[in-house]
Amino acid sequence: MFCNNKQSDPAERRSREIERELEYDAKIQSEYKKLLLLGTGEVGKTTIIKQMKIIHINGFTEDERKEKVPFIKQNIHESIYQIVKHMDLLSPPVLLADETNNRSSVEFIMKIGPKEPDNFTNEYFDHVKGLWADSGVKECFNRSNEYQLIDSAEHFLNQIDVIRESSYVPNTQDILFCRIMTTSISKIQFEMNVSKKYGGGVAKFWMYDVGGQRGHQKKWISVFEGIHAVLFLIAASDFDQTLREDEKKNRLKESLEIFENIYWGRYLRQAGMIVFLNKQDILQRKIENGKRIDKYFPDYKTYKPTAKEGNPGSEYEKAKLFMRQKLIDITKKKPDPELLYVAGFTMEQEIEDRDIYVHFTVATDTNNIKKVFDSIHDIILKQNLSSAVF
Ligand SMILES: Nc1nc2c(ncn2[C@@H]2O[C@H](COP(=O)(O)OP(=O)(O)OP(=O)(O)O)[C@@H](O)[C@H]2O)c(=O)[nH]1
Ligand SMILES: [Mg+2]
């Protein structure tokens, strides 16, 4: 990811400050409910943080929006470069529909290389626009599960004419789609009204965001202490994709394995467990375009949701319920004792019944996230805090 490495030392320093705060500031900590976003890379954690800023704080100022322009242009370059590069590499390869007019544009983009150009000139945008209009390029885009492409590709490539203008100011949707990989721990603070049932007033929250790629997962443990609820994100649309870090590993399988470790692991046993099966919009599009889950998860063939659970005629409904069932199965499975063992505790003390709350989400849709948070805020509030056991 070439748009990703802008978070340099200050972010690392902030990350260390957060760790220190957690260790020493017990009094302040007791005033806050702590929510931790977890999940593998690109599942939508930072997008949820952005939604909290939109829903519970003050959204994005004009300056904050303008700061995102270089990242959005990086997203455009990364997208078109990866699509065009893979036209030849896929098996079978994809041909340009208009070879005569667009070959020079392919050469122009490939010559720039994976890193974005120093200047986004009119010539650059003309080439990108011409390529994106080519049905061969679109065909390669439609096969993006066979290589690594950011989810914001289509959103930004469709808007080349708006983004190329010097007066361009990203709108809220553009901010939500702008992809910047998280490499350090960050925290957002906000308040929410508490329903009368739980005493009224306002509750203060700290929500932590972490980097999800494998190389960043080892930092997660530094924010496990005193967490009230984990929001574990899984990208439901990941079923036919492989990891950026390991192109042999199915993304959804990796997510389910990490979820199992977190659910049964010894560190977050006192925290509420809420799962967002995210990117439902992309999942629905994939299923409606004929992508098949059983190619990657053979047990999908024999899976049948009960009539009570959903519309049995809809393949998309079946797909999302299948994924929820996978999560429920993990919570019913006998855990690996190695994961659970804490010195001084017996196995029986450790294994208590624990609910999980699964929601189908679209993290880029503010209304959807608002509704989901309205329905989980009671769960978060009633969750009693006790320190995580280390
Ligand atoms: N269409 C669609 N795109 C989404 C959704 N959720 C997130 N995205 C996009 O997916 C990309 C990755 O989202 P992020 O929030 O950066 O993912 P992350 O989990 O923070 O990833 P890391 O920082 O690498 O751990 C962004 O371009 C988002 O706009 C969704 O529900 N639907
Ligand atoms: Mg992130």
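Helices are DSSP runs of H or I with at least four residues, numbered from the N terminus. This is a predicted model, in which local features need pLDDT of at least 70, side-chain atom pairs count only at pLDDT 80 or more, and totals for chains, interfaces and linings use all residues. Residues are numbered from 1 along each chain as its sequence is written, while chains are lettered from A and ligands numbered from 1 in the order in which they are written.

**Shell around ligand 1**
- Helix 3 (45–56), helix 11 (172–177) and helix 14 (280–288) each give at least two residues to the shell around ligand 1, and helix 3 gives the most, with three.
- The ligand is surrounded by 26 residues, a residue being near if its C-beta atom, placed from the backbone, lies within 6 Å.
- G44, T46, T182, G212 and A363 are the closest.

**Helix 6 and helix 7**
- The axes of helix 6 (residues 99–112) and helix 7 (residues 122–132) come within 9 Å and cross at roughly 125 degrees; axes are lines fitted to C-alpha atoms over the stretch in contact, with angles from 0 to 180 degrees between N-to-C directions.
- N101, N102, S105, V106, F108 and I109 of helix 6 make the contact with H127, G130 and L131 of helix 7, where contact requires C-beta atoms, placed from the backbone, within 7 Å.

**Helix 13 and helix 15**
- Helix 13 (residues 251–264) and helix 15 (residues 315–332) have axes that come within 10 Å and cross at roughly 35 degrees.
- In helix 13, L256, F259, E260 and Y263 meet K326, L327, I330 and T331 of helix 15.

Technical notes:
Contact = placed C-beta atoms within 7 Å.
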